[in-house]
Amino acid sequence: MPIYTLKINGEDRSVDVSSDTPLLWVLRDYLNLVGTKYGCGVGQCGACNVHVDGNAIQSCLIPAAQMEGKTITTIEGLSEDGDHPVQQAWKEVDVPQCGYCQAGQIMTASSFLAKNPNPTKDQIRSAMHGNICRCASYNRIERAVALAAEKMGE
Amino acid sequence: MSTTNPHAFSRRTFLRTSALAGGGMLVGFNLFTACKDKVQMPVDIASLDFNDFNAFIKIAENGMVTIFSPNPEIGQGVKTAMPMIIAEELDVPWKHVHVAQGILDTKNYTRQVAGGSQSIRQGWDALRQTGATAKQMLINAAAARWGVDPSQCRASEGVITNEKGETLGYGEVVKEAALLEVPEDVSLKDPKDYKIIGTDARNVDIDKIISGQPLFGLDYKTEGMVIASVLRPPAFGQQLESFDDSEVMGMEGVVQVLRFGDFKGGGDKIAVLAKSTWQAMKAKKALRAQWSDGTPLESTKNHDKLLLDLLGGTKMKTLRKDGDVQKAFREADQVVERTYESPFLPHNCMEPMNFYANVTPERVHLVGPIQTPKGTAERVAEQLERKPEEVYLEMTRMGGGFGRRLYGDFVLEAAEISHLAKKPVKVVFSREDDMTAGIYRPAIKYRIKAALKDGKISGYHLKEASINRNMYGLIPNFFPAGALEHYQVDVANYESNITTGAWRAPYTNFLSFAEQSFFDEIAEILDVDPVQMRLDMLQKVKGTTDERIQYSPERMEEVIQLVVEKSGYRNPVEGVYQGFCAYYCHNTHVAEVADVVMENDLPVVKKVTVAVDCGVVVNPLGALNQVEGGVVDGVGHSMYGKLTFRDGVPQVNNYDRYRLIRMKEAPKVETHFVKNTLSPTGLGEPTLPPAGAAVSIALKKATGNRLYKQPFVENLAQREIIG
């Protein structure tokens, strides 16, 4: 198996995996970064979203082989102490029910807000539309994204 | 002010205290024994050890309190709310409380179940008693040290104070307290003195969730563990004939391929064991297997016909019969009959089914997300022919349950595979496995017939035709039972080889829509206000002596009035179409009003106003989350949810073709709790059933189209509904 060197959460990590192994499973099974979740494997639920060069991407769809030279951030690397404004907002609003999809939701929201710091309600709803929350905590997700935007503007 | 507990159970029978070796005090209690009306412990209290208890409070010498919460957490919030109740009566600041998931083993833990919205309701008295008893023991210890009578001391916020104003922290007296007799008569707080109950407490796992720390079954791993991806018969009713693993065995990471399923060395499933999840999933796809037909392969088309035949037939079982509905129909001015239809639904927990098993000669170690740890561990012991005490089961947080994790099929799979492979194994379902190897909400059809006379309903006949199981016995005693002189509920079922089971708010998740939508249509036919019609019907139930009646007409009336007031139902706004529903299930009374507007000629569900009476709201922050989630889930599944079968094969297997509600379709949920001090009831389920009903009625007003079938999106004249 080939060895790939991936830049993840600011560190170079080498993994020995087949070229088609999705980034999701590299993170979870080889690098012990299990915050990124498996939900569907077909890019439909967003539970596996990570940042690749700042963009929220479904890590279940992208093979490790294509990730060399990219800057990858996972939920574990989003902030030092869980204090990214989006994480703080998630905590204040107490978003999670089962909590499984929330890392993916947070990664989508943080990438979106980095590009659009003053979103409208409709823009928030569109940006978060790709992430499924089976517990349907959508009202709180929407509020938390709006609150995070406020925090980032302060 | 204090109140004594009306339930006469003895503290001695479910509480035991002990000094901890490292300092501090341990209070053990058997939550679920204590919750039963008649407490029956198996042996003399003196011989009990801590293994007979299923929940613990640990008070350290520094005053910090750890509460080990026994119940499975599936997102319903009990891991936060149950300890809050204990902390209230123990009277410690919530910030001094650390909550841990109970250390689990099936020998020592009993009746740990998450299901039926019962955790809080059944735990209420016992949790308060436990906290209050521990507090009294701490007071007694402090009083003894001071040489005063305990009645001269009081405790608050973790500090005991005597009449001279001297103080001792809980931590300072735990050593002595642990050695004292368990007091029999302790008083409970007056609800108006609550400092923790009724305040907002965040999810106790919030920090781990937002930073991606391992919590869930899928995150669990041990050294040397392999991943098992399982190939199951593609159609319900098929059996495995043969398979060829030659290609697969050469694939990267693959360790072993084995047939299993009957715990005897055979079976209809094939497990592919590999070093990583991706390797296991990929190898499973490359497996070639031949299947033969065992039992008939069923299709939705046949189900539809079979269920309609059952509804029209005479072979029904009567669950409740008041008066004579046939007479009411004969004497009616008008008879209205409608049929309502629902599809199968998969649960679609975001965390696919998975479980870890390590079967060794010494013990059977099981780890993962399960709603029924005890029953499942017993089944594993039985199947593996092991002693129950050799099975050690640990629960992880669950990425959703919705009923699916009541069933331990995936635990049995993991145990059998590990037993055969002699390795630690984790079975991981792909999303496709999860959706196609389900234990589904069965397809159900209802037929409701009403006799109308003198502008009122004079008779009501509800018939249910369901796949496999029929409604549970309490449901026929929900509204409108008791409100009508002539009332009858009949059921019939069709035995299918497609596996079915509980799905969030079983039966009522669809029955509510059928019944409430029917009432709305009746009100339309009678030209009366649908809300007033419900209120009028409830009057007859007041003061009923029929002990079978499950709901309270007074509490139902109150949620109806509250939702009418808060939703602006009496002051309609141009262009906003409102649908009203009132429903009781899982011991909680709920009324909802859905607002639908037309945007670009499409109906959009904008908002749902909810009035809930669940008694005391233990944790409002968590309770609101449950209500909001239940309502949006109810809207989503009645609008979009559907699974069909063709020749035994589920016709969709992933989210590209199975539609779950998403952000843009989610209505805003506005929640109002009835304020009272009645014992709390659960919230995991009861707000879901009314949501689909309220939406269907609002959609009727908006589009003119009365809905009789779920999912609504396929049955509206409009091509599409967006949010």
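This is a predicted model: local features need pLDDT of at least 70, side-chain atom pairs count only at pLDDT 80 or more; totals for chains, interfaces and linings use all residues.
Reader: Let's start with chain A. How do β1(A) and β2(A) pair?
Author: They pair in the antiparallel sense, over six bridges. Strand β1 covers residues 3–8 of chain A, and strand β2 covers residues 11–16.

Reader: What do the two strands form, and how many residues sit between them?
Author: β1(A) and β2(A) form a hairpin with two residues between them. N9(A) is in the turn and has a positive phi of about 50°.

Reader: Which residue stands opposite T5(A)?
Author: S14(A), in β2(A).

Reader: And what holds paired strands together in general?
Author: Strands of a sheet pair through backbone hydrogen bonds, either parallel or antiparallel.

Reader: Helices now. At what angle do α2(A) and α3(A) cross?
Author: At roughly 130°. Their axes come within 9 Å. Helix α2 spans residues 85–93 of chain A, and helix α3 spans residues 102–115.

Reader: What do you call that arrangement?
Author: At roughly 130°, α2(A) and α3(A) are therefore oblique to each other.

Reader: Is the crossing left-handed or right-handed?
Author: Right-handed, as α2(A) passes α3(A).

Reader: Which residues meet there?
Author: From α2(A), V86(A), Q87(A) and W90(A). They meet Q102(A), I106(A), A109(A), S110(A) and L113(A) in α3(A). By class, that contact has five nonpolar, three polar and no charged residues.

Reader: Switching to chain B. What is the strand order in the open sheet with β7, β8 and β9?
Author: The order is β7-β8-β9, and the pairing is antiparallel. The edge strands are β7 (154–156) and β9 (167–169) of chain B. Each of these pairs on one side only. From one strand to the next, the twist averages 25°.

Reader: How many bridges join β8(B) to β9(B)?
Author: Three, and the two strands run antiparallel. Strand β8 holds residues 159–161 of chain B. I160(B) stands opposite L168(B) in β9(B).

Reader: What about the sheet of seven strands in chain B?
Author: That sheet is open too, with the order β13-β14-β11-β21-β18-β19-β20. The pairing is mixed.

Reader: Which strands stand at its edges?
Author: β13 (254–260) and β20 (391–395) of chain B. Each has a single partner strand, so one side of each is left without a neighbour in the sheet. The twist here averages 20° from one strand to the next.

Reader: Which strands does α11(B) lie across?
Author: Helix α11 (residues 373–384) lies across β18 (354–359), β19 (364–368) and β20 of chain B. The helix runs at about 145° to β20(B).

Reader: And α12(B)?
Author: Helix α12 (residues 409–421) lies across β11, β13, β14, β18, β19 and β21 (425–428) of chain B. The angle to β18(B) is about 35°.

Reader: Last topic, E521(B). Where is that residue?
Author: In helix α14 of chain B, residues 508–526.

Reader: Why does E521(B) count as partly exposed?
Author: Because E521(B) has 19 C-beta neighbours inside 10 Å, and a residue is buried only if 20 or more lie within that distance, exposed if 12 or fewer.

Reader: What does E521(B) touch?
Author: R338(B) and R706(B), not counting residues up to four places away in sequence. Also, E557(B) is 36 residues apart from E521(B) along the chain, and their C-alpha atoms are separated by 20 Å.

Definitions and conventions
Residues are numbered from 1 along each chain as its sequence is written. Chains are lettered from A and ligands numbered from 1 in the order in which they are written. Two strands pair if DSSP finds at least two bridges between them. Helices (H or I, at least four residues) and strands (E, at least two) are DSSP runs, numbered from the N terminus. Axes are lines fitted to C-alpha atoms, for helices over the stretch in contact, and angles run from 0 to 180 degrees between N-to-C directions. Angles under 35 degrees count as roughly parallel, over 145 as roughly antiparallel, 65 to 115 as roughly perpendicular and the rest as oblique. A crossing is left-handed if the near helix is turned anticlockwise from the far one by less than a right angle, and right-handed if clockwise. Two residues are in contact if their C-beta atoms, placed from the backbone, lie within 7 Å. Ala, Val, Leu, Ile, Met, Phe, Trp, Tyr, Cys and Pro count as nonpolar, Asp, Glu, Lys and Arg as charged, and the others, Gly among them, as polar.
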